[in-house]
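Thanks, everyone. Let's walk through one model, strand by strand. Please keep the structure in view.

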Amino acid sequence: MERFPDEVITVSKRGKREVRVLVDRGRYIRYEYLDPVTGKKSENKVKLVLLTEDGKQEEYFIIPLKQEGKFLLLKAEVKGNRKIWDEKKKKAVDLFEF
């Protein structure tokens, strides 16, 4: 008899039953890079910063692969809080200012 409720059980592509288990939850910020002179995207470079409920940050670069809709997450050094440009507000804001 399984000790987990059915709503947390999933079946893999290989038919193996697995339990979906929470690792942590929190907020995220996704930002890209622009050329400061032209305002155009600098590359296909996007950064994802995750903030867990306990305040821990994890950072990743999102790199598009040749296959459409496929991406690689590359772990990046945690830089801590910084300013980013908010296009809607037209001003610099703290990374996790909501």
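This is a predicted model: local features need pLDDT of at least 70, side-chain atom pairs count only at pLDDT 80 or more; totals for chains, interfaces and linings use all residues.

One definition before we start: two strands pair if DSSP finds at least two bridges between them. With that in hand, take the hairpin of β5 and β6. It has 6 residues between the strands. G69 there takes a positive phi near 80 degrees.

Average pLDDT for the chain is 91. Of the residues, 97% score at least 70. Which elements mark the two ends of the confidence range? The lowest mean pLDDT among the elements, 89, belongs to strand β4, residues 41–52. The highest, 95, belongs to strand β6, residues 71–76.

On to the sheet. It is open and antiparallel, with 4 strands in the order β3-β4-β5-β6. Why do two of its strands have a side without a neighbour in the sheet? β3, residues 26–34, and β6 stand at the edges with a single partner strand each, so one side of each is left without a neighbour. Ignore direction, and neighbouring strands are turned against each other by 25 degrees on average.

β3 and β4 run antiparallel, and 8 bridges join them. G26 has T52 of β4 as its bridge partner. I29 is bridged to V49, also in β4. The two strands make a hairpin with 6 residues between them. In that turn, G39 has a positive phi of about 80 degrees.

Next step: β4 to β5. Strand β5 covers residues 57–64. Here 6 bridges join the antiparallel strands. L48 stands opposite Y60 in β5. L51 has Q57 as its bridge partner. This hairpin has 4 residues between its strands, and G55 takes a positive phi near 90 degrees.

Which residue of β6 does Y60 stand opposite? That is K75.

Strand β7 is residues 83–86, and strand β8 is residues 91–94. They run antiparallel, joined by 4 bridges. K83 stands opposite D94 in β8. The hairpin has 4 residues between the strands. Which residue takes the positive phi here? K90 does, near 60 degrees.

Now the largest pocket. Its volume is about 470 Å³. The lining counts 16 residues, and the closest to the centre are R30, Y31, E32, I84 and W85. Which strand gives the largest share of that lining? β3 does, with 7 residues. β3 and β7 each supply at least two residues of the lining.

Last, the ring contacts. The structure holds 1 aromatic pair. There is also a charge over a ring. The charged end of K45 sits over the ring of Y33, 4.4 Å from its centre.

To recap. The open sheet runs β3-β4-β5-β6. β7 and β8 form a hairpin. β3 contributes 7 residues to the pocket lining. Happy to take questions.

How values were computed: Residues are numbered from 1 along each chain as its sequence is written. Side-chain values use heavy atoms; hydrogens and water are left out. Rings of Phe, Tyr and Trp (its six-membered ring) pair if their centres lie within 6.5 Å; planes under 30 degrees apart count as stacked, over 60 as edge-to-face and the rest as tilted. A charge sits over a ring if NZ of Lys or CZ of Arg is within 6 Å of the ring centre and within 35 degrees of the ring normal. pLDDT is the predictor's confidence in each residue, from 0 to 100. Axes are lines fitted to C-alpha atoms, for helices over the stretch in contact, and angles run from 0 to 180 degrees between N-to-C directions. On a 1 Å grid over the protein atoms alone, a cavity is a set of points where a 1.4 Å probe fits but cannot get out, and a pocket is an open set with protein on both sides within 12 Å along at least five of seven lines; lining residues have an atom within 4 Å of a point. Grid points are joined across faces, edges and corners, and a volume is the space filled by probe spheres set on the points.
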